[in-house]
Amino acid sequence: MKDALIGQLKASEEFFNRSTRALTEEDSGHVPADGTYSAASQVAHVAQTIDWFLAGAFDPNGIDMDFEAHDKEARAVTSIEEARAWFKRAVDNALKQLDEKSEEVWSQPLPDGPVMGGQPRFSVFWGIMDHTAHHRGALTVYARTRGKIPPNPYMDM
């Protein structure tokens, strides 16, 4: 199971990086509609959510539901390069935790709660991958609103 999740997480990282590489530092502050994240904040939010899922997997209180604080933290990031560095650290940490902890530990249930409550801890990786895919799609729209054509996420072109 761990090897499969490691492979899927690495693929998710690669797909995200490919899909969003059309966005450059000059696109950091781009906001396609009032109230939405900037491009930099959107990438930061993806990184933040990886950390959020992993922290919640081992917090006896479950996943932190203070979305106002999370939103504020993500919106404070104004550089795509800074956000990409956070994303890399978050993925690297997730891979490290996945590798270092036993399948027995990952199979233990998450605390009760509204986000995956009672499911095995390894379920957070499906949440991470789904959430990352969702936001990579949104970020391709950001690129298109800047007149850029995002690359195909599934092959290097």
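**Notebook: salt bridges and overall fold**

I began with a partly exposed residue, D92, whose relative accessible area is 32%; the model I am reading is a predicted one.

I then looked for the partner of D92 and found that its side chain meets that of K88 in a salt bridge, with 2.9 Å from N to O. Both K88 and D92 belong to helix α4 (residues 80-100), where they sit four residues apart, about one turn of the helix. I looked up K88 as well, and at 45% relative accessibility it counts as partly exposed.

Next I turned to helix α3 (residues 67-75), which holds both R75 and D71, again four residues apart and so about one turn of the helix. R75 forms a salt bridge with D71, and I noted 2.9 Å between the closest N and O atoms. For R75 I found 36% relative accessibility, which counts as partly exposed, while D71 has a relative accessible area of 25% and is also partly exposed.

I first checked the contact itself, in which the two side chains meet at 2.5 Å, N to O.

I then stepped back to the charges of the protein chain, where I found 16 positive and 24 negative side chains, with the centres of the two sets 5 Å apart.

For the fold, I listed six helices and zero strands in the protein chain, so that from the N terminus on the elements run α-α-α-α-α-α. Of the contacts with a separation of 6 or more, 75% come from residues 24 or more positions apart.

Last, I checked the overall dimensions: a compact globule of 157 residues would have a radius of gyration near 15 Å, and the 16 Å of the protein chain agrees with that. The C-alpha trace spans about 50 × 35 × 20 Å along its principal axes. I noted that 47% of the 157 residues count as buried, and that the accessible surface comes to about 8,000 Å², of which carbon and sulfur atoms hold 53%.

Terms used
Residues numbered from 1 in each chain as written. Predicted model: local features only at pLDDT ≥ 70, side-chain atom pairs only at ≥ 80, totals over all residues. Heavy atoms only, no water. Helix = DSSP H or I, 4+ residues; strand = E, 2+ residues; numbered from the N terminus. Rg over C-alpha atoms; globule rule 2.2 N^0.38 Å. Buried < 20%, exposed > 50% of the residue type's maximum accessible area, 1.4 Å probe, protein only. Contact = heavy atoms within 4.5 Å. Areas by Shrake-Rupley, 256 points an atom, 1.4 Å probe, with all protein chains shown as cover. Lys, Arg positive; Asp, Glu negative; His and termini not counted. Charge placed at Lys NZ, Arg CZ, Asp CG, Glu CD. Salt bridge = Lys/Arg side-chain N within 4 Å of Asp/Glu carboxyl O.
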